[in-house]
Amino acid sequence: SPSDPDLVERARAAKEKLGEKVFVLGHHYQRDEVIQFADVTGDSFKLAKDAAARPEAEYIVFCGVHFMAESADILTSDDQKVVLPDLAAGCSMADMATAEQVAECWDVLTEAGVAEQVVPVSYMNSSADIKAFTGKHGGTICTSSNARRALDWAFEQGEKVLFLPDQHLGRNTAVRDMGMSLDDCVLYNPHKPNGGLTAEELRGAKMILWRGHCSVHGRFSLDSVNDVRERIPGVNVLVHPECKHEVVAAADYVGSTEYIINTLEAAPAGSKWAIGTELNLVRRLANRFADQGKEIVFLDKTVCFCSTMNRIDLPHLVWALESLAEGNLVNRIEVDKETETFAKLALERMLALP
Ligand code: 13P
Ligand code: SF4
């Protein structure tokens with residue numbers, strides 16, 4: 001079992017044997033049994049920077065999902081090896097934009113005569129291929145904690161943004177934070193000819209949103225918000241910007257996982273919170289702040305874990321650490337040179353944002 005004291009002891013021993021050679025990163029959505037072995041925890045932005053700031057570690061064990069491990073590989077030096085304890089830990093949102101689909105989209109934009117006005121902005125939750133496309137076409141990466149700054153920057157470079165692959169983060173940032181209207185946004189559907197859009201619609205749009213979403217955050221609805229407000233009078237609703245626009249519009253606070261944690265840390269005793277993000281994090285925060293008298297509940301009535309984040313469990317972590325301690329490099333995530341060069345350009349533009 002995951003709480004098996006034997007596994008806990010084995011993880012501890014393998015980590016101790018590896019010493020400075022290993023650095024373990026843990027995303028906030030990871031299980032408690034894994035988080036206890038993380039040298040650092042964070043949102044995608046913080047973890048990308050933390051990985052780059054550890055040149056002495058030969059192995060970066062990334063407890064998170066595939067695109068995060070790829071980004072860590074891109075940002076670390078060539079002799080550092082990034083390890084993902086379970087190779088099946090992907091992200092369904094990242095899978096919604098493939099290199100072929102995005103190349104085809106660029107052709108559609110070119111055909112409509114708008115490509116030269118378009119700056120791509122890609123969410124961190126995308127494959128290295130998509131990041132490379134973004135870098136090649138003068139764009140930047142963003143995360144949920146700097147999407148506003150990334151879009152401000154992009155609109156200084158061009159008149160339109162192609163936002164990949166999360167339509168919700170793109171729409172929420174443009175409309176809620178930047179005062180654009182819903183009519184300024186169009187939705188590009190990669191499964192329809194020409195994205196399901198006319199050349200005229202593309203010419204009229206400021207934000208061209210890719211039709212991708214997160215299935216975990218997609219479960220929260222306006223009803224979840226209304227129900228919780230009825231159930232808990234005075235509750236503050238705090239959600240991740242991957243939620244649908246109507247949910248974000250009805251919430252009191254919106255931000256990345258790191259923002260959610262900071263907001264709850266600063267909240268006064270006696271305050272009540274309903275949180276719209278992944279369940280491992282919400283449960284951990286509810287436990288952590290219970291004795292400070294902060295009441296923290298999950299926004300929806302049903303549970304929703306990110307099933308791919310959850311694939312990294314203690315047995316997989318133990319296996320990865322013990323293999324490394326025995327000199328076997330397992331589950332290395334390595335982005336090819338050509339992709340890395342352009343993806344790095346896009347990631348460095350993000351790191352240089354004001
Ligand atoms: P954060 O950037 O807020 O950590 O979010 C990453 C993610 O995958 C959210 O679903
Ligand atoms: Fe991807 Fe959603 Fe899981 Fe985040 S929560 S890793 S966006 S599937």
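**View 1. Asn 194 sits in the loop between strand E8 (185-188) and helix H9 (199-204).** Helices (H or I, at least four residues) and strands (E, at least two) are DSSP runs, numbered from the N terminus. This is a predicted model, in which local features need pLDDT of at least 70 and side-chain atom pairs count only at pLDDT 80 or more, while totals for chains, interfaces and linings use all residues. Residues are numbered from 1 along each chain as its sequence is written, and chains are lettered from A and ligands numbered from 1 in the order in which they are written. The phi of Asn 194 is near 55°, a positive value in a residue other than glycine. Because 18 other C-beta atoms lie within 10 Å, Asn 194 is partly exposed; a residue is buried if 20 or more other C-beta atoms lie within 10 Å of its own, exposed if 12 or fewer, and partly exposed in between, with C-beta atoms placed from the backbone.

**View 2. Asn 331 lies in the loop between helix H14 (314-325) and H15.** Its phi, near 50°, is likewise a positive value in a residue other than glycine. Asn 331 counts as buried because it has 20 C-beta neighbours inside 10 Å.

**View 3. Helix H15 covers residues 337-351.** At 1.5 Å a residue, its 15 residues should span 21 Å, and the end C-alpha atoms are 20 Å apart, which agrees; the expected span is 1.5 Å times one less than the number of residues. Thr 339, Glu 340, Ala 343, Ala 346, Leu 347, Arg 349 and Met 350 are buried in H15. The elements that cover these buried residues include helix H4 (66-75), strand E5 (118-123), helix H6 (128-136), strand E6 (140-142) and helix H7 (147-157). Here two residues are in contact if their C-beta atoms, placed from the backbone, lie within 7 Å.

**View 4. A cis peptide bond joins Leu 164 to Pro 165, with omega near -25°.** Pro 165 belongs to the loop between strand E7 (160-164) and H8. Helix H8 (residues 167-177) is mostly covered, since eight of its 11 residues are buried, among them His 168, Leu 169 and Arg 171. After H8 comes Gly 179, whose phi is positive, near 75°.

View 5. A residue is near a molecule if its C-beta atom, placed from the backbone, lies within 6 Å of it.

**View 6. Around ligand 2 are residues including Val 65, Cys 91, Met 93, Glu 278, Cys 306 and Met 309.** The shell around ligand 2 divides into seven nonpolar, three polar and two charged residues.

**View 7. Phe 62 is a member of the largest nonpolar core, which has 112 residues.** Such a core is a set of buried Ala, Val, Leu, Ile, Met, Phe, Trp, Tyr and Cys residues joined through C-beta atoms within 7 Å. Phe 62 is one of those that touch the most other members, and Ile 60, Val 161 and Leu 317 are also among them. Not counting residues up to four places away in sequence, Phe 62 touches Leu 25, Met 68, Ala 69, Ala 72, Val 82, Val 83 and Leu 84.

Terms used: Ala, Val, Leu, Ile, Met, Phe, Trp, Tyr, Cys and Pro count as nonpolar, Asp, Glu, Lys and Arg as charged, and the others, Gly among them, as polar.
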